[in-house]
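This report goes through one structure, heading by heading. Please look over the sequence and the model first.

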Number of protein chains: 2
Amino acid sequence: MSSTEDRLFALHAEVCKAMANPIRLKVLSTLQHGEQSVEAMVKSLKLRKANLSQHLAVLRQRGIVATRREGLHIYYRCANPKMLKACAILREVLLEQLAEGGRLINPVNRGRK
Amino acid sequence: MSSTEDRLFALHAEVCKAMANPIRLKVLSTLQHGEQSVEAMVKSLKLRKANLSQHLAVLRQRGIVATRREGLHIYYRCANPKMLKACAILREVLLEQLAEGGRLINPVNRGRK
DNA sequence: CTAAATATATGAAACTATGAAATAATGAAA
DNA sequence: TTTCATTATTTCATAGTTTCATATATTTAG
């Protein structure tokens with residue numbers, strides 16, 4: 001079995017998992033136009049420091065964002081613009097689907113019918 | 001706060017979550033070149049029916065795949081080629097990163113299968 | 001009925017938000 | 001210099017929630 005392929009699928013899944021959270025997507029969206037300090041994001045996203053830090057750690061571990069320290073502050077930036085591109089395409093699809101009548105997704109609900 | 005934006009982030013996260021699994025990515029990869037019956041995928045992916053079915057349900061619920069019934073068999077296909085495009089871009093990035101010295105996660109097995 | 005596909009229940013593992021504690025850089029005071 | 005206080009960020013411990021694979025059941029078409 002192609003363990004190389006399997007490894008790539010696993011890696012791909014890890015990246016998707018890292019993006020599979022609204023807060024982290026919001027963070028990426030924030031970083032789209034340039035780097036931001038943690039402090040700034042805490043304020044603009046209205047999150048607790050610990051919580052944001054954890055989400056940033058997830059993105060960092062997957063190599064989706066990179067950091068730079070400057071004195072007390074740590075600045076986060078997108079590590080690869082292509083990832084933003086992939087996000088943008090998905091977003092585009094979702095907007096289209098919403099526009100087409102939004103008969104697409106049921107946010108939660110794995111329950112009875 | 002733009003609850004519409006938040007909704008979109010949530011939706012986006014749902015889609016990412018649906019893709020955040022190696023098996024489901026493998027399924028999508030399989031469907032890249034055309035529709036497939038569940039039976040065929042059970043065989044080619046070497047999975048239990050119930051398990052594959054669960055994964056297919058996740059993809060179905062998020063509108064990532066669509067189905068067509070023909071007699072006993074149900075054929076799955078990709079619902080939107082753009083989603084495949086987004087996947088392809090991510091894959092491309094990951095391959096680049098692996099090539100760049102694989103200082104990403106676990107460098108292993110650069111050989112043939 | 002039989003075969004194909006889906007749905008449900010269950011327990012282990014992973015994810016998330018939170019407050020408290022720990023680490024890191026800076027500057028001022030002793 | 002060393003020590004202390006302050007600010008910024010991360011890590012830890014927790015509890016509640018969600019996901020996944022397995023083992024059944026249940027639905028659906030012929």
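## Lining of the largest pocket

Six nonpolar, three polar and two charged residues make up the lining of the largest pocket. Here Ala, Val, Leu, Ile, Met, Phe, Trp, Tyr, Cys and Pro count as nonpolar, Asp, Glu, Lys and Arg as charged, and the others, Gly among them, as polar. The lining consists of Ser37(A), Val38(A), Glu39(A), Val42(A), Lys49(A), Ser53(A), Leu56(A), Leu72(A), His73(A), Ile74(A) and Tyr76(A). Two or more lining residues come from each of α3 (38-45), α4 (49-61) and β3 (73-78) of chain A. Helices (H or I, at least four residues) and strands (E, at least two) are DSSP runs, numbered from the N terminus.

The space in this pocket is about 250 Å³. On a 1 Å grid over the protein atoms alone, a pocket is an open set of points where a 1.4 Å probe fits, with protein on both sides within 12 Å along at least five of seven lines; lining residues have an atom within 4 Å of a point. Points are joined across faces, edges and corners, and the volume is the space filled by probe spheres set on them.

## Basis of the model

This is a predicted model, in which local features need pLDDT of at least 70 and side-chain atom pairs pLDDT 80 or more, while totals for chains, interfaces and linings use all residues. Residues are numbered from 1 along each chain as its sequence is written, chains are lettered from A and ligands numbered from 1 in the order written, and side-chain values use heavy atoms, without hydrogens and water.

## Strands of chain B

Strand β2 (residues 65-70) of chain B runs antiparallel to β3(B), with six bridges between them; strands pair if DSSP finds at least two bridges. Val65(B) is opposite Cys78(B) of β3(B). The two strands form a hairpin with two residues between them, and Gly71(B) in the turn has a positive phi of about 65°.

Strand β1 (residues 36-37) of chain B also pairs with β3 (residues 73-78) of chain B, antiparallel and over two bridges. Ser37(B) has Tyr75(B) as its bridge partner there.

## Relation of the two chains

Chain B is superposed on chain A by a rotation of 180° with 0.0 Å of shift along the axis (RMSD 0.1 Å), fitted by least squares on C-alpha atoms of residues with pLDDT of at least 70 in both. The copies are therefore related as by a two-fold rotation axis. In chain B, Ala86(B) has the C-alpha nearest the axis, 2.3 Å from it.
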